[in-house]
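The entries follow the order in which I checked things.

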Amino acid sequence: MDCAECAMKLEKGVGQLPGVASCDVSFATTRLHLTFDPAVLDLDQVARRARAMGYNVASSPGAVPGEPTVGPAPLLQRHSREMATALCGLAILLAAASSLAGLPATLSTALYALAIASGGLPIARKAVNSLHYSRELDMNVLMSLAVLGAAAIGEWAEGAMVVFLFSLGQLLEGYTMDQARHAIRGLMTLAPAEATALRPCLDCAGHFGQVQFGGQIYESGPCPWCEPHEVRLPVAELVLGDTILIKPGERIAMDSVVRSGQSAVNEAAITGESLPVDKSPGDELFAGAVNGSGVLTADVSRLAADNTINRVIRMVETAQAQRAPVQRWVDRFARVYTPLVVLAAITVATIPPLVFGQPLLSQGGESGWLYRALALLVIACPCALVISTPVSIASAIAAAARHGVLIKGGAYLEAMAGVRAMAFDKTGTLTMGQPALTAVQCATHQATRNANGCAGCDEVLALAVALERRSEHPLAQAVVRGAAGHRLQYPAAEAVRAVEGRGVLGQVNGQEMGISSHRYAHELALCSEPEFCRTVRSLEAAGQTTMILHDSLGPRGYLAVADQVRAESVAMARALHQAGIESLVMLTGDNKVTARAIAALVGMDEVRANLLPGDKVDAVKELQSRYGSVAMVGDGVNDAPALATANVGIAMGSAGTDQALETADIALMGDDLGRLPFTVRLSRSARAIIFQNIAFALVVKAVFMALAIAGVATLWMAVFADVGASLIVILNGMRLLRSRPDDLPAA
């Protein structure tokens, strides 16, 4: 399919078959999606209708993306259009040479006729099919009428040039569109077609009859003594739970979970993040990522057809197929525009000769009105206008996918371009989503120091870990994680007991000790030092959660824990303002003190705290009333109502998270907020390029229509302008493929 009008025509032609419930043809992905009654219709009939309309079709239900669906076709079938265009051009050259050589005019006329026949028959066939199956006047009908008219009035050379330039233009359009399509299809080659599976030795003849552990005699089945051996298998043959071996430098073939080994894995193809990610047992691996220098064994967690890279490919292809509002407007306009132009051409050809006595045919070097009408038909082809939008949308979505941003359709790309305010969930979005130890200080911090730091502070941390090391509470785990790199000796704690909502008590070295909230420490009359108390309260005012370590005599020190702001949040907020977002708003269920502290640190313009999910929905609606278009950024699950209410829902979901991929309009595959400014800029660039293309196509049409009516434009000039306009809008749209995230300013 060379232009979007082909997709609309095929969609209508196949949709008219009996038994078809729905039919959708994607120009961007060259796929036909069909719902039909198998009792009335079968796929062979669908294929015959598509081929009758001039299109090749290959059916491969259930195929894994990236696998070939058809075998090699004969040379003539695969390159019939190229050969027809070449023959047409050769005939024109021979005709021109015969004229220059003074040979009989009938010879050059015959050669021009051969050129029209060789290059024009495919065009005429599509024109007839368009009239017969879809009942529409398309560009092939317009070209056929123009060429037949040129031949009828003796303009054989002009007619041949129209056919050649139009055929050549279609070839070039098809080639350039394929480049845009291949941008996302390149993802299909990332996941290898084969994997190295570790399979046990079955029915091992070398160990038959030996006694197994437990006293049983080995007779058949997996050999308990032999090590698993390596087998290269197609990924389609692997099942859940199979163990695969991933060697250094290999591409990972399957979504899997590390069983053994450690390595740094480059996941740029999935998440857009170029820095390798360290992997160890229990970590998830994505098909298409590249293993580093370590050897890994991993258990398959998803089948080949459902792995992350293939799901991303399917979603991007679906997104490219969706029509944005501006594209739907262009399609409706083109359906009305073409018949009106045909009516205008008939008027131009008949009214001046019949009413004003103007010449119908060309005389004395002046173009007749019939010739002008034919030139008007040629320039009126809507191809440049119709293709102006889908190529830009397909290019932008492909560029975003390559850099870890999954945009679910052209409608969301267009909506993102109009966003004026952006709302953010706090926990897991602006912050890491888990508490971390931020400060430890003993009560005598200024008085007791040694060369390696404060010994009293180290003792506070060691005592705290002794009390908290077996607790599952998030704050306790934050303390234990925070102490991991300090190489401290942890004393044993006995009789440890939790005081619900207040702290933990226990005995360390025979002494009663506890870790309590600041309020509980006051209830126990164990926090009476004013300076110590002021320091703790200042941390709480900054949004941190404090814990007091105390013994029976009073406080020994404090520990502070807080959810850490993502490293890129501050730079992201600044870059969004630079990209034109007017207001950044934090929506959180957390308390006001913590929310305000995080918002101030990140650079949010507004903060709303203590919100339930329903309150977040109301907040998004209120922002929509003020700003019109609002995007909501959340985790894709807890914030689902607000994400659905916003004009654009953006999920912070790591690659492979089903909820993030399925529920959001846009998913940040690598949890990287730094991709948000890139997404905003990309969407606005796409919108600008779409409007540039539409305006350019309309202006070219208007100028050459005026020149055609004035008798200045020739047929070959008209087709050259039409083909040139189509190529220019395609190349302009394809500029979006080169879009890359700019480096964010330093935080």
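I began with helix α13 (residues 390-402) and helix α26 (residues 715-734), whose axes come within 8 Å and cross at roughly 20°. The axes are lines fitted to C-alpha atoms, for helices over the stretch in contact, and angles run from 0 to 180 degrees between N-to-C directions. Helices are DSSP runs (H or I, at least four residues), numbered from the N terminus. The angle makes α13 roughly parallel to α26, where under 35 degrees counts as roughly parallel, over 145 as roughly antiparallel, 65 to 115 as roughly perpendicular and the rest as oblique.

Before going on, I noted that this is a predicted model, in which local features need pLDDT of at least 70 and side-chain atom pairs count only at pLDDT 80 or more, while totals for chains, interfaces and linings use all residues. Residues are numbered from 1 along each chain as its sequence is written, and side-chain values use heavy atoms, with hydrogens and water left out.

I then looked up the residues of this pair: V391, S392 and S395 of α13 meet V729, I730, G733 and M734 of α26, contact meaning heavy atoms within 4.5 Å.

On the α11 side I listed Y371, L374, A375, V378 and I379, which meet L715, A718, V719, A721 and D722 in α26. This contact divides into nine nonpolar, no polar and one charged residue.

Helix α11 (residues 369-379) also packs with helix α25 (residues 675-710), at about 170° and with the axes 8 Å apart, so I recorded α11 and α25 as roughly antiparallel. W369, R372, A375, L376 and I379 of α11 make the contact with K701, F704, M705, A708, I709 and A710 of α25. Its classes are nine nonpolar, no polar and two charged residues.

Last, I asked how many cavities of 30 Å³ or more the structure holds. I found two, a cavity being a set of points on a 1 Å grid over the protein atoms alone where a 1.4 Å probe fits but cannot get out, with lining residues having an atom within 4 Å of a point. The second largest cavity has about 40 Å³ of space, and its lining is M139, F166, G169, Q170, E173, C383, D722 and V723. The largest share of that lining, four residues, comes from α7, and α7 (156-185) and α26 each supply at least two residues.

Note on methods:
Ala, Val, Leu, Ile, Met, Phe, Trp, Tyr, Cys and Pro count as nonpolar, Asp, Glu, Lys and Arg as charged, and the others, Gly among them, as polar. On a 1 Å grid over the protein atoms alone, a cavity is a set of points where a 1.4 Å probe fits but cannot get out, and a pocket is an open set with protein on both sides within 12 Å along at least five of seven lines; lining residues have an atom within 4 Å of a point. Grid points are joined across faces, edges and corners, and a volume is the space filled by probe spheres set on the points.
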